[in-house]
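Open the model in your viewer and keep the selection tool at hand. The tour goes from single residues to the whole chain.

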Amino acid sequence: MRPATGPEAYFRQGHDKIAEAAVLVTRYGNSVVRLLAHHGFNSDISVVDEAEAQGIWEVCPDCKYRGVPKSVANHRKKADH
C-alpha cells in the first residue's frame with residue numbers, strides 16, 4: 001500500500017469516484033441538487049460562481065468556458081483561441 005502523503009494518495013486510481021458515488025447516494029439520495037443545497041448553493045447562489053470568486057476556476061476570455069486553469073488552457077488549445 002502506498003504511503004498517504006495527501007488526500008489524493010488515499011485511493012487507488014478510480015476508487016475516489018467509487019467513494020464519491022457512495023457518499024452521493026448514502027448522504028444525498030443520489031441527488032446533486034441535494035448535495036449543493038446542503039452546502040448552501042441553489043439557483044441564486046452558484047457553486048461555479050463561488051469557484052471563480054475563490055480563484056479556483058477561471059473563464060476563457062473568448063467563449064466563457066469555465067473550469068480549473070489547466071482545463072481552460074486545454075480548452076483554448078483545442079478551440080484554437
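Before the first selection, one cut-off: a residue is exposed when its relative accessible area is over 50%, buried when it is under 20%, and partly exposed in between. Note also that this is a predicted model.

**Stop 1: Asp-80**

Select Asp-80. You will find it in the segment after H4. Is Asp-80 buried or exposed? Its relative accessibility is 71%, over the 50% cut-off, so Asp-80 counts as exposed. Now check the backbone. Phi of Asp-80 is positive, about 60 degrees, and the residue is not a glycine.

**Stop 2: Asn-30**

Go to Asn-30 next. Here too the residue is not a glycine, and phi is positive at about 60 degrees. Where does Asn-30 lie? Its place is the loop between helix H1 (15-28) and helix H2 (32-38).

**Stop 3: His-75**

Move to helix H4, residues 69-79, and pick out His-75. The relative accessibility of His-75 is 17%; that is under 20%, so the residue counts as buried. Which residues are in contact with His-75, once its neighbours within four places in sequence are left aside? Select Cys-60, Cys-63, Tyr-65 and His-81.

**Stop 4: the fold**

Switch to cartoon. The protein chain has four helices and two strands. Trace them from the N terminus: the order is α-α-α-β-β-α. What share of them comes from residues 24 or more positions apart? The share is 0%.

**Stop 5: the whole chain**

Zoom out. Along the principal axes, the C-alpha atoms fill a box of roughly 40 × 35 × 20 Å. The radius of gyration is 16 Å, whereas a compact globule of 81 residues would have one near 12 Å. Colour by accessibility: 12% of the 81 residues count as buried.

The accessible area of the protein chain is about 6,800 Å², and carbon and sulfur atoms hold 55% of it.

Finish with charge colouring. Look for 11 positive and 10 negative side chains. How far apart are the centres of the two sets? They lie 8 Å apart.

Note on methods
Residues numbered from 1 in each chain as written. Predicted model: local features only at pLDDT ≥ 70, side-chain atom pairs only at ≥ 80, totals over all residues. Heavy atoms only, no water. Rg over C-alpha atoms; globule rule 2.2 N^0.38 Å. Buried < 20%, exposed > 50% of the residue type's maximum accessible area, 1.4 Å probe, protein only. Contact = heavy atoms within 4.5 Å. Areas by Shrake-Rupley, 256 points an atom, 1.4 Å probe, with all protein chains shown as cover. Lys, Arg positive; Asp, Glu negative; His and termini not counted. Charge placed at Lys NZ, Arg CZ, Asp CG, Glu CD.
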